[in-house]
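Dear colleague,

Please find below the structure that I am handing over to you. My notes on what was found follow directly after it.

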Amino acid sequence: MTVNDALAVPALRGAGPVLLAGAAGLSRQVRWVHTTELVDIAPLLRGGDLVLSTGIALPDRAADLAAFAESLDRSEVAGLVIELGRRWAEVPEALVAACERLSLPLVALAREVRFAAVAQAVGERIVDCQLEELREAQRVHEVFTELSIAEAGPAEILRSVQRLAGASVVLEDAQHRVVDYRSGPGDDAAFLADWSARSRVVVLDGRTGWDEANGWLVTGVGKPERGWGRLVIESPGKPPERLVATAERAAAALALHRLHDRQRDSLVRRTHHELLVRLLADPSAPDVLQRCEVAGVPLTRRRLVGLAVRRPRSADDLGQRAGSQLDAVVAAVVHAVHEMRVPALVCEIDGAVRALLSFDFSTTGVEATENLAGRVHRRVPVVIGAGRSVDRVSDAGRTLRESLHVVDSVRPGARARPVNRLEDVHLRGLLTMLADDERLRLFAARELDALKEHDARAQTGLFPTVRALVRHPGSKSDAAAELHLSRSAFYDRLAKVERLLGVDLDDPDILASLHVAVLADEVLGDGAG
């Protein structure tokens, strides 16, 4: 209740109130009514008290009247009401002037009134206002308690804020971009116009603030040092406490949802990790199938496709940490399977994002996988390998292993494909599958170690020469160009290779053997490629 509201109460209005001074303070809050005739009452008053007096004990001197007004102002009273007739026929000019200077509302009552009736009427109105505030606070509390229990998302929270506030509501991110909003009764176009630029100049001193220029009530979402956005409610006038409470409870609900979302996602990823590891080890275990069913990923009587996803090597140039890169890939794959409503186990295993997709038999696995891969590519640059689709749970491990072999077989710089499959990686794919076989390492060493050792001693570049030759088997000119050599210099190096290895490089079997050895060397990670 303000002083202006109090003057409209029938008990006071019937006494013929006349405002003599302090019109600028009519919006002061009235917290209670205090009747007094003491000149030194100020220390006993509280902020927001409306003082009623007949003036019979007030001083005569102008300086003392000014001092009395100043003492009331220091106590932050709401206003001073003087009943005329008992002491003064009109309020002394000195008191009027002092109250005007202090913007302290000074009201004269032309008719006699029972102060007790005024105190009761105003007090009852104040209590009614406080009860209404409590009811509103309870309503806000109940709404957001229900939202928290239901783990409501941003859309439901913003809808509830809009209903409680009756105004437009905006959720923005840390870069001041609009993430979502709900329309109020006003002009949305004007409210949202040039949003980012206007929002950047609004700086909060605390958790919540009102920006008068924009007419925004703004509160941060999340901890100040790690806040990821702000909630803005349209409020052309100074917002009441109820609206502030609504904004802050909504911000807390949004932050809680974000926390629950991260925890829920973390738990799901751990569960998926455990299930995929078990499927790779022993897909026939009955408890694994049951747990997959409970996790929402049925495996029996389904078409299963394994996926392996990695960031391309060029993504390292983005300067992101490996963990952040994997999180982005996991998020992209999870978002894609949710969009397509495909049951899937998705997690990170040994630096690659692995997934097992579960399709019904009416779905063409190849087309669905291509569709899903396209959605992932639109979100993050990746290399995707897919295993062959299988119809039996016992083969789930095979399609998962094939997908990893495929994605590890994709040569850097190779032609980009939405999805790479076994038929796309050819000999390199076979060698990747055999990478753990010690015999492959021994073969590559037997074919190439002599060249590498000679290069280490004499810096002759014989190994790069052989690599260029097998990459361009049909054109020695192209092979020489790859090394930026003339044809004569390239032929000279080939002659040295033949003498060192004791072979004829025109022999197709020798070329095939060297080609396999070079590919194996790259797959094993020992090659310069």
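In which loop is Arg341 found? Arg341 is in the loop between α11 (322-340) and β12 (344-349); helices (H or I, at least four residues) and strands (E, at least two) are DSSP runs, numbered from the N terminus. Before going further, please note that this is a predicted model, in which local features need pLDDT of at least 70 and side-chain atom pairs count only at pLDDT 80 or more, whereas totals for chains, interfaces and linings use all residues. Residues are numbered from 1 along each chain as its sequence is written, and side-chain values use heavy atoms, with hydrogens and water left out.

**Positive phi angles**

Although Arg341 is not a glycine, its phi is positive, at about 55 degrees. Arg341 counts as exposed because its relative accessibility is 76%. The terms used here are buried for under 20% relative accessible area, exposed for over 50% and partly exposed in between (1.4 Å probe, protein chains only). Asp350, likewise a residue other than glycine, has a positive phi near 55 degrees. Asp350 lies in the loop between β12 and β13 (352-359), and with a relative accessible area of 72% it is exposed.

**Aromatic pairs**

Rings of Phe, Tyr and Trp (its six-membered ring) are taken as a pair if their centres lie within 6.5 Å; planes under 30 degrees apart count as stacked, over 60 as edge-to-face and the rest as tilted. By this rule there are 3 aromatic pairs. One of them joins Phe191 and Trp216 edge-to-face, with 6.3 Å from centre to centre and 75 degrees between the planes. This pair links distant parts of the chain, since Phe191 is in helix α7 (residues 188-192) and Trp216 in strand β9 (residues 216-221), 25 residues apart. Phe191 counts as buried because its relative accessibility is 5%, and Trp216 is buried at a relative accessible area of 0%.

Trp216 also pairs with Trp195, and this pair is stacked: the centres are 4.3 Å apart and the planes are at 25 degrees. Here too distant parts of the chain are linked, with Trp195 in helix α8 (residues 195-200) and Trp216 in strand β9, 21 residues apart. Both Trp195 and Trp216 are buried. Phe191, Trp195 and Trp216 form one aromatic cluster.

Is helix α16 (residues 462-471) largely enclosed or largely open? It is largely enclosed by the rest of the structure, because 8 of its 10 residues are buried. The buried residues of α16 are Leu462, Phe463, Thr465, Val466, Arg467, Ala468, Leu469 and Val470. Their cover includes α15 (438-458), α17 (476-482), α18 (487-501) and α19 (508-524); contact means heavy atoms within 4.5 Å. Lys452 lies over the face of Phe463, at 5.5 Å from the ring centre. A charge sits over a ring if NZ of Lys or CZ of Arg is within 6 Å of the ring centre and within 35 degrees of the ring normal.

**Strand β11**

Val305 is found in strand β11 (residues 303-310), and at 2% relative accessibility it counts as buried. Leaving out residues up to four places away in sequence, Val305 touches Ala355, Leu356, Leu357, Phe359, Thr369, Gly387, Ser389 and Thr399. Val305 and Ala355 are 50 residues apart in sequence, and their C-alpha atoms are 8.3 Å apart in space.

Leu307 is also found in strand β11 and is buried at 2% relative accessibility. With residues up to four places away in sequence again not counted, the residues that Leu307 touches include Val353, Arg354, Ala355, Leu357 and Thr369. From Leu307 to Arg230, 77 residues apart along the chain, the C-alpha separation is 38 Å.

**The loop residue Thr36**

Thr36 lies in the loop between β2 (32-35) and β3 (49-53). With a relative accessible area of 7%, Thr36 is buried. Apart from its neighbours within four places in sequence, Thr36 is in contact with Ile41, Val51, Leu52 and Ser53.

Yours sincerely
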